[in-house]
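This briefing covers how the parts of one protein assembly meet.

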2 protein chains.
Amino acid sequence: MPDTDTPLIEKLREIVGEKGLIVDRGEMAPFLTDWRNRRTGDALSVVLPSSTEEVAAVMKLAAAEGQPVFPSGGNTGLCYGAVPETDKPGKLGIVLGLQRMNRIREIDRAANLMTVDAGVVLANIHTAAAEIGRQFPLYLGSEGSAQIGGLISTNAGGTGVVKYGPTRDLVAGLEIVLADGTVLRDLAALAKDNTGYLLRHLFIGAEGTLGIITGAALHLHPEMPNRAHAWVSVASPQSAVDLLAAFQDRAGPYIEAFELVSASQFDLVVKHCERIRIPFEGGIPAWSLMIELSSVDSSTDLNGILEALLESGLENGGILDAVVANSEQQAQDIWHVRHSVSEANKKEGVGVVHDVAVRTSDVPAFIAAADEAAAAKYPHAFTEVVCHLGDGNVHYILMFSHEFWASLPDKEAYALEVEAAIHDVGARFHGTFSAEHGVGRKLTQELARLCNPVRYGLMQQVKALFDPDNRMNPGVLLTPAGTTPPRHN
Amino acid sequence: MPDTDTPLIEKLREIVGEKGLIVDRGEMAPFLTDWRNRRTGDALSVVLPSSTEEVAAVMKLAAAEGQPVFPSGGNTGLCYGAVPETDKPGKLGIVLGLQRMNRIREIDRAANLMTVDAGVVLANIHTAAAEIGRQFPLYLGSEGSAQIGGLISTNAGGTGVVKYGPTRDLVAGLEIVLADGTVLRDLAALAKDNTGYLLRHLFIGAEGTLGIITGAALHLHPEMPNRAHAWVSVASPQSAVDLLAAFQDRAGPYIEAFELVSASQFDLVVKHCERIRIPFEGGIPAWSLMIELSSVDSSTDLNGILEALLESGLENGGILDAVVANSEQQAQDIWHVRHSVSEANKKEGVGVVHDVAVRTSDVPAFIAAADEAAAAKYPHAFTEVVCHLGDGNVHYILMFSHEFWASLPDKEAYALEVEAAIHDVGARFHGTFSAEHGVGRKLTQELARLCNPVRYGLMQQVKALFDPDNRMNPGVLLTPAGTTPPRHN
C-alpha cells in the first residue's frame, strides 16, 4: 500500500483538493480494473481535477516528478486502454479522471456546435442536443457511462458512422493539456481555417498517449424524423455490395444503416432469443441485408426510393426477396433481430469476435478468404458474419462451444492466435485489424506486427515529440522504441 | 545562368530522363513566377518526375545534396506558396512539378472512392466522376489548371465547403514522399481504422512544407439533380444568422449555398455589369441572402421547404422580401448577380479583400466591428461584404479609388497595413485571417503575429520532425525558428 503522506500526494491534494483525490484502495479499485474485470493495474492515486487549470497543474507536477499519467474516462473500452500499468520502476503513476469536469460549456445553434468539458457523459450530450431539436450522432451501447473525452481519445465508432463518420468527424475543436502541462486551446471551431498544420487529428484516437483532452467543440446535426426500413435477402455478399453502390447513387446521403448478416448468425438468434419474427416464407436468408434510410424532411419519399432500388435488385437477381417495413412495429421487429446478436452468441458458446475493416468493395473477398482460413485452421468452430457493410467493418466471428473452450489450457493465448489468423486475412486486403475498438494494451503487438513500418516509425517519432519521457498512458498503443517485436510481413 | 553540367543536374537527368528535366531559363519561367506575375524566384532546375519512385529518388538526391525542394502544382495560388525562393546560400533548390503524374489510378464505385496521381487537374477528376454518375464536390474557378496535389496541400476551399467541407474532408488517403525520400503509403482509404495516430491531416494544408503528396484517394458523392434557389432581403446580418439556424433544423443537409452580400457590393454590380436583374420593387436590398438547396432525390420538395422557412422569416420580421426562383432562368439570373462581384470590383477601383472566418454566429458582430475599424482608420475607402455565411467566411473588402491607389508611394505596404487592421478585428472573435487562401510566403508574418503561440511552437516542432533541414518549401508558412517577429497580442 502506497504511503499517502508522500510529498507528491500532498502536492496533488493542494491542486485538486480533498474532493479531487482518491488514495483509498477500495475507492480506487474501479479505476484500476477494466469494466469486464479482465485486467487490473495499480497507481499511486486517482486525481479528479475540476478544471482545465487543475489538469494543467497536475500535469506539470507529474512532469516534474517523472510520474506516468493514466487518463481515465467512463472505463467502457474493450482493449484495456484505461488500465494503469506503469513501466517505470518506482513510478507507479497517477490515474487522471475527468468525471468532475462535466459541464456543457456552450451551445451555438447558428454554428451548429456544442462545447463541452471532456468528462461529460455521452447521454447528457444527447439530451442537451435534443433540447434544441438537434442530435449529436454518436450512438453506442455505453452512452450512459462513456465520457466524451474517452470517446474522442478512442475515436469511437458506433452505429452512426455510415452516415456521419466516426467520432473524429464530429469534433470541431479540442482543448488539450500537453505532457508538460501546457494548454493547447483550439475551440474556435471555425468551419474554415487555412493557417498551417491541423494538429487536432493527432490527439483524436491517440488513446491518451499524446495529451489530455479537457474540452471539445462538437458538431451537431439536425434530427432525422423521416425513416424507412427494409430486410433484404441477397444472393451473396457481392450482391449486397452491388446494391450498396446503387444506393450510393440514388440515396447515399440517406443511408443510416446497411448491415450484412450471415444465416449462421441469425440461426442462433432464432435458437436463443425471444420475439423473433422472420418475415420470409423460406425462413432466414442465407445473407440478410438490413437497411435503414433517414432524412430531415418528411417530403422525401424514402419508402419509394427503397422500393425502386429493391425492385431493380429483384429484376437483376441480386435480391431474392425483400420486406419493407410499413409500420413502426415492423421496423422494430427487424432491428430487434439485429440487436439480439450479442445475446444469442453469449448463450451459444464463446465467440472470438474480430473488428476488421476493409474497403466495402473488398468485403466479399475478405469473407471468402476468412472462411477459408477458418475452415483450414479451426474446423471445430463455426463462423458468423456481422458486417457494417456501409463502413466495410466486418465483425467476423469464430464460435466455439463452451465445452471446447473450457478444455483449453490457455484461453487468452488461443484467442490471440485465432485473432492473428483473421487479422492476417484482413491485411491481405490492406484492411485494419481494429476498425473501431482501438489498440489499447491488448493489441500493441498486433499493431507492431501489422502496421506499415514507415507509419509505425513516424508514430513513434510523433509520440517522442509530444511525450519525450513516455509518461502519457505508457504501454498503450505503441510498444516502446527498441522493444518492437520482429515483423512477420 | 546555372551550369547545366553540374553533377546534380546529371543525377537528376538520370532519374527523370530528358523529358522530365527543364534547365532552360525560358522554359523554367512559368515555374518561377506566380500566375499573377507579382513575385518571381529562381531555382537550379525544374524536375517533372513521372512516378512516385522517381519522386522518391529526387527527394533522396536533394537530401544528400542539401538542396531545397519547391513543390509546384497548377500554380493557381494567391499567396506565393509556389514561388521558389531559397534561404540557403549556394543552394538554389529544385522545383518539383507533378504534372506528368496525371493518371486516374482507380475508381471504386462501391467504396465511393477515386484514387489519383497528385498531378491530375481538377477538371479531369470532375469528368471522371461524372462518367459514373458521381461528383467530386470541390468547385473553384481554377479547376482547369489546379492540380489535386496542390489543392490538397493548400486545403482548398471553394463553393462546396458549406455542404461537403473543405478539401480536407474529401481526402480518404494519401501517398506522400517524405523529405528523405521515404514513401508513406496510406491509400487503403478505409472508412474506419483505429490503429493509432492519423498522420494524413498534417500534410493536408501544409503547403508542401512537410512532404510531397504524390497520390490521393478521394471521396466521391452522388450527384444532386434536385435544386432550389432564393434571393432574400434580410433585415440585418443577424437576421441572416437566425435564418441559417432555422435552415439547419429543417434543411441542414440540403444547404448548397448561403451567401450574404451588402448593398454596397451589389450597387457596384449594377453600376458596372450587364444583364443584372433586380427582382425586388425596392431595388437592391440592404442585405441580400442568396440561398441554394440541393438534394439527391427528386421527391424532396425543396421549393416547399424554402417557402415554409422564408414564410416564417417574413412573419417574424427577419425577412423583408424574398424571391424563390421558379425557373432555371430565374435561378441563373440570381447567381449571375452574385458571380459578377469580381468584375464589378475590378472596374470600380482597388479592393483590399480579406479572407477572415469567424463562427457563423459571430459574423454580425465581426462585420460591425470591421465597419467601425475601417471608418476610423480608412474613411476614404468604402466597404463591402461578400460572405459565405454558411462557413462564417467573410470576404470583407475595403474599396479604394484608382486615383487614391495610384498616389500611394508603397502600395504593398499600405495593403498589408489595411489587412492587419481587419485581421486584428477577426482575432478579437477568435477568427482566422486566412480561411481558405492559405499562408504561403505572403502571410508568414501575419501567422507569426496572430497564431496562438502554443500552436505556433508545436507547428515549428512538427516541421522540424518531418523536415529537420528545413528544405521543404522553405520560407513558406512558418518563419524559421529564431526569426519570429515580436507578437502584438
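The model is predicted. Within chain A, domain 2 and domain 3 bury about 440 Å² between them.

**Extent of the chain interface**

- The contact involves 91 residues of chain B and 90 residues of chain A.

**Polar and charged pairs between the chains**

- The rule finds 14 salt bridges across the interface of chain B and chain A, while the count over all chains comes to 62 salt bridges.
- B:Arg109 and A:Asp249 form a salt bridge whose closest N and O atoms are 2.5 Å apart. This pair joins two chains, because B:Arg109 lies in the loop between E5 and E6 of chain B and A:Asp249 in helix H9 (residues 237–251) of chain A.
- A salt bridge also links B:Asp297 to A:Arg250, with 2.7 Å between the closest N and O atoms.
- Between chain B and chain A, 57 residue pairs are in polar contact, both residues being at pLDDT 80 or more.

**Elements and residue classes on the side of chain B**

- Several elements of chain B each supply at least two residues of the side that touches chain A. Among them are strand E5 (104–108), strand E6 (113–117), helix H9 (237–251) and helix H18 (453–466).
- H18(B) gives the most to this side, with 9 residues.
- By class, the side of chain B that touches chain A holds 45 nonpolar, 28 polar and 18 charged residues.

**Domains of chain A**

- Chain A is divided into domain 1 (7–97), domain 2 (104–222), domain 3 (226–339) and domain 4 (342–428).
- The C-alpha centres of domain 2 and domain 3 of chain A are 31 Å apart.
- In this pair, 5 residues of domain 2 of chain A are in contact with 8 residues of domain 3 of chain A.
- Of the area of about 440 Å² that domain 2 and domain 3 of chain A bury between them, 49% is on carbon and sulfur atoms. A:Val162, A:Lys163 and A:Pro222 lose the most area on the side of domain 2, together 78% of what that side buries.

**Pairs between domain 2 and domain 3 of chain A**

- The rule finds 1 salt bridge across this domain interface, and the side chains of A:Lys163 and A:Glu256 meet in a salt bridge at 3.9 Å, N to O.
- There are 2 residue pairs in polar contact across the interface of domain 2 and domain 3 of chain A, both residues at pLDDT 80 or more.
- Helix H6 (residues 161–164) of chain A gives the most to the side of domain 2 that touches domain 3, with 3 residues.
- The residues of that side of domain 2 of chain A divide into 3 nonpolar, 1 polar and 1 charged.

Note on methods
Residues numbered from 1 in each chain as written. Chains lettered and ligands numbered in written order. Predicted model: local features only at pLDDT ≥ 70, side-chain atom pairs only at ≥ 80, totals over all residues. Heavy atoms only, no water. Domains from an automatic or database assignment. Contact = heavy atoms within 4.5 Å. Buried area = accessible area lost by both parts, 1.4 Å probe. Salt bridge = Lys/Arg side-chain N within 4 Å of Asp/Glu carboxyl O. Polar contact = N/O pair within 3.5 Å; in protein donor to acceptor, adjacent residues only side chain to side chain. Helix = DSSP H or I, 4+ residues; strand = E, 2+ residues; numbered from the N terminus. Nonpolar A, V, L, I, M, F, W, Y, C, P; charged D, E, K, R; others polar.
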